[in-house]
Every structure is written in structure tokens, then in C-alpha cells.
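Here are some friendly notes to read beside the model. Take them one point at a time and look for each element in the picture as you go.

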Amino acid sequence: MRKIIATEFYTLDGMMSDPKDTMDWVLGTFNEEMGKYENEIYDSADTLLLGEVTYKIFEGYWPYAADNPDTPPGDVEMAHKINSIRKIVFSKTIKNVTWQNSEIFSDIDPEKLKAMKQSPGKSMLVVGSASIVQQLANLGLIDEYHLLLHPVVLGTGKPLFKDIKEKVNLKLLEAKDFGNGVVLLKYQTAGK
Amino acid sequence: MTVDGFFAGPHGEIDWFKVIKKDGEWDKYTHEQSRSGGTLMFGHTTYEMMKGYWPTPDALKNDPYMAEVVNNSPKIVFSKTLKRVEEGPHWKNIMLFHEIKPEEIIKMKEREGGDITILGSGTIVQQLANLGLIDEYGLVVVPIMLGAGKSLFKDVKETNLKLLEARAFKNGIVVLRYQPVLK
């Protein structure tokens with residue numbers, strides 16, 4: 001069965017971004033080990049499940065990254081992966097998408113997502129998209145959380161786990177030190 | 001601390017600690033940590049919880065080693081409402097302060113003796129963090145999300161930290177130790 005994996009940059013105070021989504025706290029520490037993880041997780045997947053905010057940020061960056069001489073080399077490789085992978089954006093307001101291999105789902109239909117999990121294919125990743133993480137978590141549809149825990153307290157920002165309705169028991173799959181202060185915590189849920 | 005950053009449930013519940021399964025390596029680690037001979041520091045709520053358990057026959061039977069360590073360790077309590085602290089045969093060596101005075105904390109740090117360890121006590125952690133008086137955070141990340149509770153870093157200002165140690169145990173606990181970095 002295909003997994004839905006939420007892979008998130010995370011802080012000690014539970015934030016997934018600063019208030020302006022600038023992510024300086026990630027860019028400043030990103031290293032080769034983290035790049036390796038990112039390549040592996042994207043290679044293990046064939047679909048991204050995104051909320052509007054993350055979709056728009058990605059759409060404004062990734063289609064142009066490979067052609068921009070200022071783009072870091074790691075991002076050039078990632079750009080090919082992200083541009084070609086299937087992207088589903090959950091949105092009631094976006095009317096059409098021009099980014100390669102993107103489609104709009106107007107709402108989160110648990111039955112549709114369960115059917116997708118049962119069909120053949122690779123994992124589906126939720127990246128950023130806190131509101132999508134929260135909704136899928138409350139529907140019991142997330143199978144794994146990969147939290148890239150950064151050595152920082154932001155103080156203000158967007159909490160990843162707002163409005164989680166019930167306790168979620170987790171099983172630790174892996175804890176990995178990337179060597180730059182960032183620790184990857186991989187957890188499995190009981191799932192549905 | 002839970003994965004979603006809570007050190008207690010919304011009403012101070014710590015029943016979720018029971019998801020921590022027994023593990024020889026983990027027990028060894030917690031006992032090693034308690035050997036320092038240092039001082040324990042609490043806010044009112046955690047103090048009452050500790051007092052309600054460690055001097056009791058249950059604790060003396062289930063974990064006599066830890067009960068003795070907690071009993072013998074010098075204990076500092078911050079409370080505006082507690083008038084005095086009551087000692088007993090299994091609950092000694094307690095000092096009560098009605099407010100956090102940075103100069104007093106700095107003096108405590110300069111004195112001889114082991115380290116000062118704050119357990120639980122979110123509001124004390126938050127106040128001392130914002131005064132720049134915390135030297136190390138030892139976070140025991142428990143494999144659970146509570147959904148609601150008391151956030152450890154509530155109202156704590158932006159802080160960069162240095163990871164000192166990341167260690168995983170077979171029962172799913174991850175211990176993370178950090179040192180705040182001055183800006």
C-alpha cells in the first residue's frame with residue numbers, strides 16, 4: 001500500500017516556517033547529508049500533496065531554478081525531480097495551474113485518498129503545507145512523519161501541529177544527526 | 001516533551017508518560033543522569049507533583065534509588081502562593097523562593113556544587129530562558145503527539161542553539177541536548 005509521508009522542516013517550538021515563510025533558519029544550515037535525504041525521499045515518491053501557500057511558493061521557484069545561474073547545484077538536481085513529479089494542490093480558489101504535471105483537487109476527499117493509497121505507485125509526500133498535514137492527520141491518513149528538527153526556537157511562526165484532535169501514538173523509525181545540528185526524526189503512525 | 005512540543009497536557013497531565021516502555025538502556029541512562037549530586041529546581045505545579053509521589057511508599061518500592069536521590073538533593077521551589085514548604089522523613093532539603101531574581105540565580109550558579117536541573121516547570125524554564133540563564137536543554141522526546149497541552153517554549157524569544165547530543169533508545173525515546181548560542 002502506498003504511504004503518505006509528511007516531510008517537514010521543524011523547530012524546537014513546533015514551527016514549520018517563520019511568519020513570512022522565508023526559511024532562513026533552514027537555508028543557513030542545509031548541508032550535503034540533508035541534500036542526500038531530500039534526494040532519497042523524493043526518489044521514493046511519485047506524488048506531492050500540497051496546500052495553496054506551499055504550492056505557490058514552489059511554483060514561483062522550481063520551474064525557473066535550473067535556468068538561474070545563482071541556483072545552488074543541489075537545487076538544480078532537485079528542480080528536475082520537483083518539476084516532473086505529479087503535484088496535487090488542494091485548493092478551492094486556484095482555477096487553473098500552468099506548472100508541469102500539476103492538478104487541482106478542490107477538497108480533501110478521504111475515500112479518494114484511500115483509493116489512491118490502495119492503487120499501485122510510490123509514496124505520496126506532503127511537503128510544507130501545514131494545513132494539509134493537519135487535515136490529513138485528523139483523518140488518520142498520514143503514515144509517516146519525517147521531522148527535520150532544527151536547533152532553533154523561532155518564537156513566532158506557523159505551528160505544524162495546530163488543531164490535532166486526538167492523541168497520536170508514534171513509533172520511532174529512525175533518529176539521524178545530519179552533522180549540522182539538524183536531527184531527522186522519522187515516526188510511523190498506526191495509520192488507517 | 002511530546003513530538004508536538006508539550007511538556008504536559010492542558011491541565012498538567014503527564015499520564016502520557018506511560019507510553020514510555022521499559023528499556024534497560026533507558027533506565028541506565030536516567031540513573032546515570034541523576035548521579036550528579038546537583039540541585040533540583042521546580043515551579044509550583046511540578047513541585048506539588050514531585051512531592052505527591054517521591055516520598056510515598058509506592059515510589060520507595062518501585063524506584064528506591066531515584067526516590068533517595070530526589071529526597072536528598074537540594075530542592076529549590078519558585079512559588080508566589082506557597083507560604084512555606086513542609087519537610088518530612090522522605091522529603092528534605094527544600095528552599096522556597098517567591099520570585100525569580102536574576103542576581104540570586106547567578107549567585108546560585110557561581111556556588112560550589114553540582115548543576116541545577118529544572119524538571120518540568122514550563123513557566124520557570126520560559127522565564128529563565130528569556131533571562132538567558134539556561135545553559136543547557138535536555139529534551140526527552142516521547143513518541144506521542146498530544147494535540148493540546150502546555151508548550152515548553154511558549155513565549156520564549158527567538159533562540160539559536162547548538163546540538164550537543166542526539167541519542168535514540170529502543171523504546172522510541174530520543175534525547176536531544178542543546179546549548180543556547182548567544183546572538
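Predicted model: local features only at pLDDT ≥ 70, side-chain atom pairs only at ≥ 80, totals over all residues.

**Notes on the two chains**

1. Residues are numbered from 1 along each chain as its sequence is written, while chains are lettered from A and ligands numbered from 1 in the order in which they are written.

2. The strand E8 of chain A (residues 152-153) runs antiparallel to E9(B), and 2 bridges join them. Strands here are DSSP runs of E with at least two residues, helices are runs of H or I with at least four, and both are numbered from the N terminus. Two strands pair if DSSP finds at least two bridges between them.

3. What is the order of the open sheet of 4 strands? Reading across, it is E8(A)-E9(B)-E10(B)-E6(B), with antiparallel pairing. Its edge strands, each pairing on one side only, are E8 of chain A and strand E6 (137-141) of chain B. Between E6(B) and E10(B) there are 5 bridges in the antiparallel sense. In E10(B), B:Val174 is the residue opposite B:Val141.

4. Now widen the view to the whole meeting of the chains. In chain B, 24 residues are in contact with 24 residues of chain A, where contact means that the C-beta atoms of two residues, placed from the backbone, lie within 7 Å. Strands E7 (144-145), E9 (159-168) and E10 (174-181) of chain B each supply at least two residues of the side that touches chain A. E9(B) gives the most, with 7 residues. By class, this side of chain B has 15 nonpolar, 5 polar and 4 charged residues; nonpolar covers Ala, Val, Leu, Ile, Met, Phe, Trp, Tyr, Cys and Pro, charged covers Asp, Glu, Lys and Arg, and the others, Gly among them, count as polar.

5. Chain A has 7 helices and 12 strands. In this chain, 8 strands form an open sheet of mixed pairing, in the order E5-E4-E3-E6-E1-E7-E12-E11. Strands E5 (102-105) and E11 (171-177) of chain A are the edges, each pairing on one side only. E11(A) pairs with strand E12 (residues 183-188) of chain A in the antiparallel sense over 6 bridges, and A:Lys171 has A:Gln188 in E12(A) as its bridge partner.

6. Finally, buried residues make up 35% of the 192 residues in chain A. The C-alpha trace of chain A spans about 40 × 40 × 30 Å along its principal axes.

Technical notes: Buried ≥ 20, exposed ≤ 12 C-beta atoms within 10 Å, placed from the backbone.
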